[in-house]
Amino acid sequence: MLHHLPHRARTALVRAFAEARRRRACGPIVVGHHNRNHVLPLGRPLASLLGMGSGQVRAKFRVPLETVEVVPRIWRESEVLDVVSERLADVPRCLADFGAWSLHAYVPGHALSEEPPGTPIDEPRMAALAAFFARLAAIPPQALPRPADDWPRGDDSRAFLHRLARFTEQRVHQANRPRFGSLFDSVGIPADLVSRFLRTVPDPVRRPFGLLHTDVHRANIVVTSEPGGGERLTVLDWELSLYGDVLHDLATHLARMEYDPEERKLMTELWAAAMRDSGRADLTEGLDPDLDTYLGFEYVQSVFPDVMRAALALPAEPTPEDLGRSADRVRRALDRARESLPMPGEPRDRRTLVRALRRWHTEDRLRQAAARRTARPGQGGTEACRDADRPRGIDRSDGIRHEALAPRPRWRRETRPGPDRERRAEPVEPLEGLEPHGC
């Protein structure tokens, strides 16, 4: 009977039951790169409102983590899942979006990251992932939510790469220099790293744009056993989805899966074959040089968050072992960037990196303490590193979105925004949540 209630009443009840369920949460908590998830049965009233049948059906009560952010977000995750779950099997639906948090269908199984370290990804699983990328590329652009007015579109791969690079320089490097600039300089990151990279690579060929997941790594791939001994792969966590050159999606996947050279070669071949088999051979044009470009960019842009992450991982009173581990993470990030871009000077040795991290840690603690002493009552964060500490990109609006209650508008390519259309702010992704590239 509950699903026959008027729209306003159902909306209020969905929110009330979901909030009450989440506050009384006593089940398992899964903390991912970007969200904290309570996994709970929906309960009979909420399941009935959502059309989910049994109240024993489990769902993820999903709360974003408030952290520093380093890569662009152009949509809310629920917007993307509305589109993808209609077209791709086994993609978990967003059941309700409350602004500050959301409710998602739960996928049983285990993540690839839970398998023993060093477990290879065999060819059948790679083929399944290649087929996933091909199905993603087949989603028509006009079905997607409309991105910001100035986001690159069509097939301008050069504009897409430069947009990503500009974001890295302005919103990751420069925005975090007040807090981390001395560390960047001490470990040997050139001040012009991003522009230096762009000057050394050819422009990618024009390639039709599509929907990109951009974060297909082991922790986001769930394996579910099927009757008869088979298995199903499900890709989770769509909050970093973009609209752009599909080779960027392949590059982030190759970098973050930590494939060995033979696995990387095989995955690339399977990806290209899947695109051709699906009638999208045009997406494989310029594959080899452009994939190298996007892989190089992945390693270059990751230097900043990886160095910041290594520094932030230090405890209040770091031991020599703590400093050594962080120095190794910094060195790995720098070495991978050097493989893609010659950098001036000799690589810093481990002892130099340890000294740089110790000095930064001491100075940063003093800055934080001074800022707390001078902050007015009620102020949060620190003035010395405001941009580094303030979370961005999480919509704290109070609205609810449910697929059966409030259908969202579709983006049509022929639609043109009027002069009074307000440009949406470009949200970004959290530093602590960025995949650490195996560091």
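## Nonpolar cores

A nonpolar core is a set of buried Ala, Val, Leu, Ile, Met, Phe, Trp, Tyr and Cys residues joined through side-chain atoms within 4.5 Å. In this predicted model, the largest such core has 91 residues, and the members that touch the most others are L183, I189, W238 and W271. Helix α5, which spans residues 157-187, supplies the largest share of this core, with 10 residues.

The surroundings of W271 can be listed in detail: leaving out residues up to four places away in sequence, W271 touches A130, F133, V246, L247, L250, L283, T284 and L287.

## The chain as a whole

The chain holds 13 helices and 12 strands, and of its 439 residues 50% count as buried. When contacts between residues at least 6 apart in sequence are considered, 79% of them join residues that are at least 24 apart.

## A five-stranded sheet

Five strands form an open sheet in the order β1-β2-β3-β6-β5, and their pairing is antiparallel. Because β1 (29-31) and β5 each have a single partner strand, they stand at the edges of the sheet, and one side of each is left without a neighbour there. Neighbouring strands of the sheet are turned against each other by 20° on average, with direction ignored.

At one end of this order, strand β5 (residues 94-97) pairs with strand β6 (residues 102-105) in the antiparallel sense, over three bridges. The two strands make a hairpin with four residues between them, and in its turn G99 has a positive phi of about 90°. Within the pair, A96 has L103 of β6 as its bridge partner, while D97 stands opposite S102, also in β6. Helix α3 (residues 77-87) lies across β3 (58-64), β5 and β6, and runs at about 150° to β5.

## Two helices that cross

Two packed helices are described by the angle between their axes and the distance between the axes. For helix α9 (residues 287-301) and helix α11 (residues 320-340), the axes come within 8 Å and cross at roughly 145°, and the crossing in which α9 passes α11 is left-handed. On the side of α9 the contact is made by G296, Y299 and V300, and on the side of α11 by R336, A337 and S340. Sorted by class, the residues of this contact are three nonpolar, two polar and one charged.

## Two buried residues

T168 is found in helix α5, and it counts as buried because its relative accessibility is 3%, where buried means under 20%. Not counting residues up to four places away in sequence, T168 touches H173, V194, F297, Q301 and F304.

A111 is found in strand β7, which covers residues 110-111, and with a relative accessibility of 8% A111 also counts as buried. Apart from its neighbours within four places in sequence, A111 is in contact with R218, A219, I221 and V222. Of these, R218 lies 107 residues away from A111 along the chain, yet the C-alpha atoms of A111 and R218 are separated by 6.5 Å.

Technical notes:
Residues numbered from 1 in each chain as written. Predicted model: local features only at pLDDT ≥ 70, side-chain atom pairs only at ≥ 80, totals over all residues. Heavy atoms only, no water. Axes fitted to C-alpha atoms, helices over the stretch in contact; angles between N-to-C directions. Left-handed = near helix turned anticlockwise from the far one by under 90°. Contact = heavy atoms within 4.5 Å. Nonpolar A, V, L, I, M, F, W, Y, C, P; charged D, E, K, R; others polar. Pairing = 2+ DSSP bridges. Buried < 20%, exposed > 50% of the residue type's maximum accessible area, 1.4 Å probe, protein only.
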